[in-house]
Amino acid sequence: MITKEEVEHVGWLARIEIDAKESDAYAEKLNSVLGYFGQLDEVDTEGVEPTYHVADIVNVFRKDEVTGSMPQEEVLANTEHKQEGNFKSPKIM
Amino acid sequence: MVYENPDGVRIGLEVHVQLNKLNTKLFCGCSTNYHDSEPNTHTCPVCLGLPGSLPVINEKAVEFAIKIGLALNCSIVEQTQFHRKNYYYPDLPKGFQTTQYDYPIAGEGKVIIEGEDGEHEVGITRAHMEEDPGRLQHMGSIDRSKGTLINYNRSGMTLIEIVSEPDMRSPKEARRYLDKLRSILDYLDVFDGDLEGAMRVDANVSVHWGERVEVKNISSFKGAERALLYEIMRQKNHIRRGGEIVLETRHFDEARGVTISMRTKEEEHDYRYFPEPDLVPLRVADWVPKVRETLPELPDAKRERFMKEYGLGETHARALTTEIKLANFYEEVASKVDPKDAAVWVSDTLKGELNYRELTIDAFTVKDIVTVIELVTGNKITEQSAVEIIRTVLDDGGKPQEIVEKKGLLKVEDDIVAKAVEEAVAENPDAVADYLGGKEKSLNFLVGKVMQKTKGRADAREAREKVLAKLKE
Amino acid sequence: MAAWTDISGIRQKIADSSAEEVTASYIETIGKSKINGFTTLSDEAINTAREIDTNGHEGPLAGVPIAIKENISTKGLSTTCSSKILQGYVPPYDAHVIERLKAAGAVILGKTNMDEFAMGTSTESSHYGPTFNPWDMDRVPGGSSGGSAAVVAAGEAPVSLGSDTGGSVRCPAAYCGVVGLKPTYGCISRYGLISYANSLEQIGPLATNVADIATIMDVVAGYDKRDSTSINRENTYSDALKDDVKGMKIGVPEEYFGEGIDEKVEKAAWDAIGKYEDMGATYEKVSMPHTKYALASYYIIAMSEASSNLARFDGTRYGYRVDGDNWHVMASKTRAEGFGDEVKRRILLGTYALSAGYHDKYYLKALKVRTLVKQDFDKALANVDVLMGPTMPAPAFKIGEKIDDPLSLYLADVNTVPINLAGVPSISVPCGLADGMPVGLQIIGKHFDENTIIKAAYSFEQNTDHNKARPPEVA
Ligand SMILES: [Mg+2]
Ligand SMILES: [Zn+2]
């Protein structure tokens with residue numbers, strides 16, 4: 001069972017602000033889903049390898065050849081928060 | 001001599017090396033040549049992490065990584081896979097860093113450094129590939145800034161993170177390790193260490209065999225030594241005052257030369273690593289023999305060979321093999337003049353003059369140093385003149401032969417010196433009498449007179465011998 | 001424009017009149033639409049059509065209008081995944097499929113509505129409001145590519161592209177009575193598709209008939225060096241358009257007719273299988289015992305990947321932004337306001353499933369179960385040519401019916417998610433009505449054997465009238 005405190009911690013890990021009022025409601029909904037996920041405990045996976053990729057391919061590369069970059073104007077076109085060619089954000093800490 | 005490590009210091013280093021000699025970034029075709037460019041001009045959907053963009057691995061980057069692994073005597077993994085390291089920071093445009101996790105491309109290895117008590121082995125824990133984040137510029141200091149400017153030109157550059165065992169026992173050993181690493185990487189021609197951000201260091205430091213502290217944000221080798229000296233002193237003082245060292249991360253403030261504690265609570269990381277679904281596994285076992293063939297002779301081997309082949313002493317051999325360019329330069333010179341003379345003139349004189357001017361060996365030609373060495377060893381010019389020629393070439397340009405002529409540096413003929421000696425003795429009877437009466441200093445006066453008469457072109461040692469001989473007559 | 005014109009009909013109309021007139025008539029139809037299927041119309045559509053009229057175009061889709069799901073990047077045309085957090089985001093580049101469509105002469109009409117970040121089965125969680133099912137405006141069109149299915153069903157576009165992570169093409173195709181294909185993983189480049197769960201999803205076409213599906217596949221499928229999971233393999237999909245299932249072996253997984261299945265849906269599916277027998281195919285029942293665990297496995301994997309894929313939406317470079325005292329606060333507030341409830345729940349669950357202490361219990365376990373589900377497919381498909389069953393266990397539900405109960409919404413995907421776990425191809429075709437709402441038959445094939453399922457679907461279409469049924473609005 002995920003607790004209210006865990007919900008808040010996971011919210012911080014995921015950078016989603018959750019206030020104390022919301023965390024109860026979240027905990028309830030998340031627990032119903034986690035309860036459902038719990039049924040996987042029934043499955044015997046002893047010796048079973050995980051499947052990360054369905055396509056059984058390896059070694060896909062590109063050559064070390066320059067294909068070009070975007071103009072600065074285009075790079076910054078989707079934000080108003082910029083200064084002298086940089087993206088601008090609030091201070092970090 | 002055995003170094004007993006009286007303070008129980010253990011230092012381990014994590015070095016991020018930027019493979020800036022690749023043409024393109026790790027996962028996209030953006031050029032790596034951004035160092036003198038405007039912000040955000042070397043970016044594309046992939047290295048900006050734009051929605052929908054996908055990474056594709058630069059084959060050459062993998063080859064470089066294997067090469068580095070082999071040069072550090074590491075085992076190379078058979079199959080690996082990139083992982084996502086999830087954490088939030090504005091320099092990470094995807095909200096995760098694509099890196100390697102449980103199967104780094106290079107496993108355990110080692111390098112030999114010149115330690116406190118002779119040769120000392122530093123274990124390599126692992127070396128893995130990852131992408132560089134963008135660059136943040138705090139508007140003000142990190143803790144009191146008004147805002148942050150973000151430039152993603154650096155984002156997606158290939159990094160090799162080389163993690164060492166805590167095998168270094170002093171800041172000096174740490175510095176030697178870093179120098180050695182740089183030397184090896186320099187030999188491999190995988191990076192230009194002079195470019196900004198080419199090598200960045202995080203250190204783990206403990207004293208009295210105690211808990212380790214991580215020091216981040218060290219941007220230069222000099223900085224590393226200073227940061228370590230400070231941190232060791234800080235830990236020792238803290239313990240002396242009855243304090244306890246706790247596992248924490250500290251930030252090196254280069255300007256003030258101190259380490260500052262970063263908050264520990266929120267730094268408690270949970271990176272939620274998992275394999276990057278957008279990339280397929282790398283099976284590189286087959287590449288290893290081929291890459292091994294491309295490995296050049298490395299610094300240790302070259303040093304040994306220089307000692308054996310050219311009869312050099314350890315100090316000269318070491319000094320001449322640190323940088324590959326210098327080593328190659330030396331070998332060319334040694335093929336034309338006596339290798340020992342070449343070592344003295346290249347390693348002691350030329351390198352000294354270059355260092356003083358913060359120049360590299362590129363500032364001088366093999367042909368010129370060979371000319372200078374031949375002039376000296378052929379007894380045509382004095383050693384002082386040789387040094388003067390080297391300095392003149394570096395400061396004003398020109399060819400050694402021209403400088404010799406222009407400055408009239410050719411040594412004067414013997415009979416001219418002999419004549420000058422005769423005159424000096426004849427013209428200064430008081431000095432002669434003083435010398436014969438036991439006043440040693442008068443000899444210098446007479447030699448000075450000879451040098452004056454020959455306008456300095458006589459060899460001072462030779463002049464002295466000739467005056468002595470004359471006085472004994 | 002008369003509704004439900006197929007690609008060859010449109011090409012004929014273009015020859016008779018002009019590409020501009022064809023495009024204009026679709027835009028007119030869209031203008032009168034009540035279903036809220038489109039989110040953004042392209043200003044360029046008419047110009048593109050006009051250019052094709054002026055300069056001519058040799059491409060197989062010259063002048064053919066197409067609708068594109070909100071999560072496929074279109075240069076210069078808003079692409080938001082129907083999320084507030086991507087409000088105002090205009091991609092500076094085209095997805096691979098868009099490049100290919102443009103090269104083939106297609107006219108991009110606009111973007112279609114979807115569940116926010118493709119997380120849903122109903123297209124109700126969109127920032128643009130819900131899309132309505134053209135068969136019954138009180139019902140959902142399915143999801144997450146609800147807009148792409150609804151606009152085709154409503155005659156607002158002849159064909160469209162959707163994306164299918166756990167059924168997101170096939171579910172709305174089934175609910176709206178159109179054809180939808182989820183290709184084999186690696187068949188179509190994902191370059192430019194905004195990721196929800198990258199190890200599971202594929203772009204897929206929707207159309208009113210199987211031939212158009214094959215035509216679109218011939219254009220958009222194929223190798224792309226920008227997608228490392230793209231498979232280099234030549235295939236002509238329209239070669240499969242043959243009415244011939246004689247001797248075809250069909251496997252019917254009993255688990256796809258499990259608990260909770262609607263009786264009328266069950267009957268429609270069995271009737272379809274019976275029809276195949278009439279057409280010369282044979283069937284046998286097969287068992288895929290891990291099907292019941294596929295849902296949990298799928299959701300854990302999808303949410304885990306999503307929690308990471310959606311990390312980039314932090315307000316720094318594009319999209320919505322709520323200011324804060326420092327960057328972390330800004331990001332947390334931006335994400336709290338910018339994402340809808342279901343997206344936040346999935347990010348939180350995915351973060352949890354990957355976090356220290358739970359990684360093995362949830363994420364790793366789900367991947368092991370994925371292996372078992374995949375083995376079920378390998379075994380079942382070793383003896384038969386295709387697998388068949390109902391796409392969705394029940395017809396489209398009422399708008400608002402499940403929105404507050406995420407789990408009940410997840411359970412609707414029971415027959416579609418195993419296919420994504422295994423990476424095999426699957427097509428949904430109309431196979432009848434249940435209480436006036438369309439029912440979809442799902443035909444599943446072996447890896448990269450799209451042609452067999454296309455042939456099976458095409459033959460069914462040629463021998464039945466199901467795809468002639470029209471929603472009341474269109475009829
Ligand atoms: Mg690192
Ligand atoms: Zn790039």
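Select chains A and B together in this predicted model, and display the polar contacts between them: 24 residue pairs are in polar contact, both partners having pLDDT 80 or more. On the side of chain A that touches chain B, the elements giving two or more residues are α1 (4-13), β1 (61-62), α3 (72-75) and β3 of chain A, and β3(A) supplies the largest share, with four residues. The contact as a whole takes 34 residues from chain A and 54 residues from chain B, and the two chains bury about 3800 Å² between them, 58% of it on carbon and sulfur atoms. One salt bridge is counted between chain A and chain B; to find it, pick A:Lys63 and B:Glu59, whose closest N and O atoms are 3.0 Å apart.

Stay with β3(A) and colour the strands next. An open sheet of four strands runs in the order β2(A)-β3(A)-β9(B)-β8(B), with antiparallel pairing, and its edge strands, each pairing on one side only, are β2 (82-83) of chain A and β8 (135-138) of chain B. Within chain A, β2(A) pairs with β3 (residues 86-89) in the antiparallel sense over two bridges, and A:Lys82 can be seen opposite A:Phe87 in β3(A).

A network of salt bridges can then be brought up by selecting B:Arg84, B:Glu276, B:Asp278, C:Arg190 and C:Asp227.

Finish in chain C with helix α15 (residues 450-463), whose 14 residues reach 20 Å from the first C-alpha to the last, close to the 20 Å expected. Eleven of the 14 residues are buried, so α15(C) is largely enclosed by the rest of the structure; among the buried residues are C:Ile453, C:Ile454, C:Tyr458 and C:Phe460. To see what surrounds them, show β5 (179-182), α7 (210-220), α8 (263-278), β9 (386-390), β10 (426-434) and β11 (437-444) of chain C, against which the buried residues of α15(C) pack.

Methods: Residues numbered from 1 in each chain as written. Chains lettered and ligands numbered in written order. Predicted model: local features only at pLDDT ≥ 70, side-chain atom pairs only at ≥ 80, totals over all residues. Heavy atoms only, no water. Expected span 1.5 Å × (residues − 1). Buried < 20%, exposed > 50% of the residue type's maximum accessible area, 1.4 Å probe, protein only. Contact = heavy atoms within 4.5 Å. Pairing = 2+ DSSP bridges. Buried area = accessible area lost by both parts, 1.4 Å probe. Salt bridge = Lys/Arg side-chain N within 4 Å of Asp/Glu carboxyl O. Polar contact = N/O pair within 3.5 Å; in protein donor to acceptor, adjacent residues only side chain to side chain.
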